[in-house]
Amino acid sequence: MPLEINSTTIQHIDLNPIESTPKAVANGERVLILTPLRDASEYINKYFDLLSELTYPHGLIDLAFLVGDSTDDTMAVLAAELDRVQKRTDKIPFRSAKIIEKDFGVQHHQDVEDRHGFAAQGPRRKAIGKARNYLLYSALQPEHSWVYWRDVDIVDSPSAILEDFMAHDRDILVPNIWFHRYEDGVDIEGRFDYNSWQESETGLALAASLDKDVILAEGYKEYDTKRTHMARMGNWRENKDEEIPLDGIGGVNILVKADVHRSGINFPAYSFENQAETEGFAKMAKRAGYGVFGLPNYIVWHIDTEEKPGNA
C-alpha cells in the first residue's frame, strides 16, 4: 500500500510515463520550443508568422526565449508579439510562453563580418553555448517529451516540421539549412549551415594535433578539416525523409528527445573534443551513445546574410 502524503510542500514527479515517440500527437506529447535572442527585433514578426503555422497542436507547445546582450528593442518587440499571439481566441495561442533575460557581457557586433570572421568563432560559439544552456535549464519541465531548438532568423520552413521530424524517431535530428538569393531572377539556393558535417580522418588528425582548448570552426582556410558537409548535399525535390548520420550539427533547427538533455547532454561553452556549442553537443551526444542524424533533402530556409565565400 503506497504511503499517502498530504503536505502541499511535497511534490511527486514521475518521469516514467514521459516518452518521445513517432506518435507524439496521438499521445499528447509536450514540446518545448527554445529560441535564444540577441539584437533580433527585425526577425521576430516573421518568426511568429511561421510559428503560428505549425500544425502540431499548439496546446501541447510551450515557448521559451532567452534575451541577452541586446542593444535593440528585441525585448519590447518579443513581448508585443507574444501578447498578440496569446490573446487570440482561435487555436493559435500556445500552452505557455516564458521570457528569460540574462546578459553575458558579449561584446562582438551582430554584423556579418564581425560575427562570422574566423577570430570571433571560438568566443562567439562559447557564448552562444552558454546562452543555450541557461535557456534550457530555465525552461525544461518534467512533462516535456521533445525540445525543439529554432533560430529566430528562419524565413521559411514546412508547417508540419515537428510531425515530420518526430516520425524519424531519432534522438537528435536536423534539416539542411539553405538560403534564397536571386541573381538575374534565378534562385541560386545558397547553402548556409556548414556546421552539420560528417567527421573525416583529416579532421580527427587535426584535432589530435591541436591544444585541447582550441575550437575548430568549419569553412575557414585556417583549418581545412576535409569534413563532409551536409549543406553541400541534398535537393529539396528528392525524398525529404532520407537520413544521414552526422558528427557535428548546426543550431538553426534541432529536434531533440528531451531525455537526451535530461541525461546531461548540453551545449559546451568550452572546448569538447575541439568543438563548442552545437557541434560540441553532437560530439557529446555521440560519446554518450545517442544517435545524431540529418535530412539532406529536407530544407529549412535561413535569411541570406550575404556572407563572403568560406564564412560558413
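Student: Where does Met75 lie?

Tutor: Met75 lies in helix 3, residues 74–86. Helices are DSSP runs of H or I with at least four residues, strands are E runs of at least two, and both are numbered from the N terminus. This is a predicted model, in which local features need pLDDT of at least 70 and side-chain atom pairs count only at pLDDT 80 or more, while totals for chains, interfaces and linings use all residues. Residues are numbered from 1 along each chain as its sequence is written, and side-chain values use heavy atoms, with hydrogens and water left out.

Student: Why is Met75 called partly exposed?

Tutor: Buried means under 20% relative accessible area, exposed means over 50%, and partly exposed is in between (1.4 Å probe, protein chains only). Met75 has 26% relative accessibility, so it counts as partly exposed.

Student: What does Met75 touch, apart from residues up to four places away in sequence?

Tutor: Met75 touches Val67, Ile99 and Glu101, where contact means heavy atoms within 4.5 Å. Arg170 is 95 residues from Met75 in sequence and 34 Å away in space, C-alpha to C-alpha.

Student: What makes Asn45 partly exposed?

Tutor: The relative accessible area of Asn45 is 43%, so the label is partly exposed. Asn45 is placed in helix 2, residues 44–52. Not counting residues up to four places away in sequence, Asn45 touches Val77 and Glu81. Val152 is 107 residues from Asn45 in sequence, and their C-alpha atoms are 9.4 Å apart in space.

Student: Is Ala276 buried or exposed, and how do you know?

Tutor: Ala276 has 1% relative accessibility and therefore counts as buried. Its place is in the loop between helix 8 (258–262) and helix 9 (277–287). Beyond residues up to four places away in sequence, Ala276 touches Arg125, Ile215, Pro268 and Tyr270. Ile215 is 61 residues from Ala276 in sequence, with 6.5 Å between the C-alpha atoms.

Student: What makes helix 9 mostly covered?

Tutor: Nine of the 11 residues of helix 9 are buried. They are Glu277, Thr278, Glu279, Gly280, Phe281, Ala282, Lys283, Met284 and Ala285.

Student: Why is Glu277 called buried?

Tutor: Its relative accessible area is 4%, so Glu277 is buried. Glu277 is found in helix 9 and has a positive phi of about 50°, although it is not a glycine. Just after helix 9, Gly289 takes a positive phi of about 95°.

Student: Which label does Lys226 get, buried or exposed, and why?

Tutor: Lys226 has 54% relative accessibility, so it counts as exposed. Lys226 is in the loop between helix 7 (201–209) and strand 11 (228–229). Lys226 is not a glycine, yet its phi is positive, at about 60°.

Student: And why is Thr228 partly exposed?

Tutor: The relative accessible area of Thr228 is 37%, hence the label partly exposed. Thr228 has its place in strand 11. Leaving aside neighbours within four places in sequence, Thr228 is in contact with Ser196, Trp197, Gln198 and Met233. Thr228 and Glu199 are 29 residues apart in sequence, with C-alpha atoms 6.8 Å apart.

Student: How do you know that the length of helix 5 agrees with what it should span?

Tutor: The expected span of a helix is 1.5 Å times one less than its number of residues. Helix 5 (residues 121–139) has 19 residues and should span 27 Å; its end C-alpha atoms are 27 Å apart, so the two agree. Its buried residues include Arg124, Arg125, Arg132 and Asn133.

Student: How do you know that the radius of gyration agrees with a compact globule?

Tutor: The radius of gyration is taken over C-alpha atoms, and the globule rule is 2.2 Å times the number of residues to the power 0.38. For 312 residues a compact globule would have a radius of gyration near 20 Å; the protein has 20 Å, so it agrees. The C-alpha atoms fill a box of roughly 65 × 45 × 45 Å along the principal axes.

Student: How many helices and strands does the protein have, and what percentage of its residues is buried?

Tutor: The protein has nine helices and 14 strands, and 53% of its 312 residues are buried. Of the contacts with a separation of 6 or more, 81% are between residues 24 or more positions apart.
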